[in-house]
Amino acid sequence: MAVRLLLALMVFVFCLAEVSSDLKIDTGALHGGQLVVRAGNRRLMQDIDCGGLCNQRCSLHSRPNVCTRACGTCCVRCKCVPPGTSGNREVCGTCYTDMTSHGNKTKCP
């Protein structure tokens, strides 16, 4: 009886590990110094170059390092960076526009 219970538990843990590994989001893949975000189904989701897009977005900002860090966080969470160096935040939807910092200010540049 104990052997059957142990075997059933091992099969359950194995199945759980397989299911959870399929749903992971690979947000830390580093390719050539660029942060690339991919979703679980890599064939249907485009790769987003967060590092390059955020560097371009924050190139004219008065505090480019702070801007790039905040932009990187928003890019990983929302999988989008608006075009241009400022404005156009609505292009990325409510995920990007509604994210706030601890001071209740808009987080995403």
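In which helix is Leu7 found? Leu7 belongs to helix H1, which covers residues 2-22; helices here are DSSP runs (H or I, at least four residues) numbered from the N terminus.

The model is predicted, so local features need pLDDT of at least 70 and side-chain atom pairs count only at pLDDT 80 or more, while totals for chains, interfaces and linings use all residues. Residues are numbered from 1 along each chain as its sequence is written, and side-chain values use heavy atoms, with hydrogens and water left out.

**Surface patch**

Leu7 is exposed, at a relative accessible area of 52%. The term exposed stands for over 50% relative accessible area, buried for under 20%, and partly exposed for values in between (1.4 Å probe, protein chains only). Together with Leu6, Leu9, Met10, Val11, Phe12 and Val13, Leu7 forms a nonpolar patch on the surface with about 710 Å² of accessible area. In such a patch, nonpolar side chains (Val, Leu, Ile, Met, Phe, Trp, Tyr) of residues with over 30% relative accessible area and no salt bridge are joined within 5 Å. A salt bridge is a side-chain nitrogen of Lys or Arg within 4 Å of a carboxyl oxygen of Asp or Glu.

In soluble globular proteins, nonpolar side chains tend to be buried together. The largest nonpolar core has 15 residues, and Cys71, Cys75 and Tyr96 have the most contacts inside it. Helices H2 (50-57) and H3 (64-78) are the elements that give two or more residues to this core, and H3 gives the most, with five. A nonpolar core is a set of buried Ala, Val, Leu, Ile, Met, Phe, Trp, Tyr and Cys residues joined through side-chain atoms within 4.5 Å.

**Disulfides**

A disulfide is a covalent bond between the sulfur atoms of two cysteines; here the sulfur atoms must be within 2.5 Å. The structure holds six, including these:

| Disulfide | S to S distance |
|---|---|
| Cys50 and Cys75 | 2.0 Å |
| Cys54 and Cys71 | 2.2 Å |
| Cys74 and Cys108 | 1.9 Å |

Cys50 is buried at 1% relative accessibility, and Cys75 is buried at 0%.

For Cys54 and Cys71 the torsion is about -80°, so this disulfide is left-handed. Cys54 is in helix H2 and Cys71 in helix H3, 17 residues apart.

The link of Cys74 and Cys108 is left-handed, with -95° about the S-S bond. Both Cys74 and Cys108 are buried.

Key
Patches are made of residues with over 30% relative accessible area and no salt bridge: like charges are joined within 9 Å, nonpolar side chains (Val, Leu, Ile, Met, Phe, Trp, Tyr) within 5 Å. Accessible areas come from the Shrake-Rupley method with a 1.4 Å probe; for residues, only the protein chains shown count as cover.
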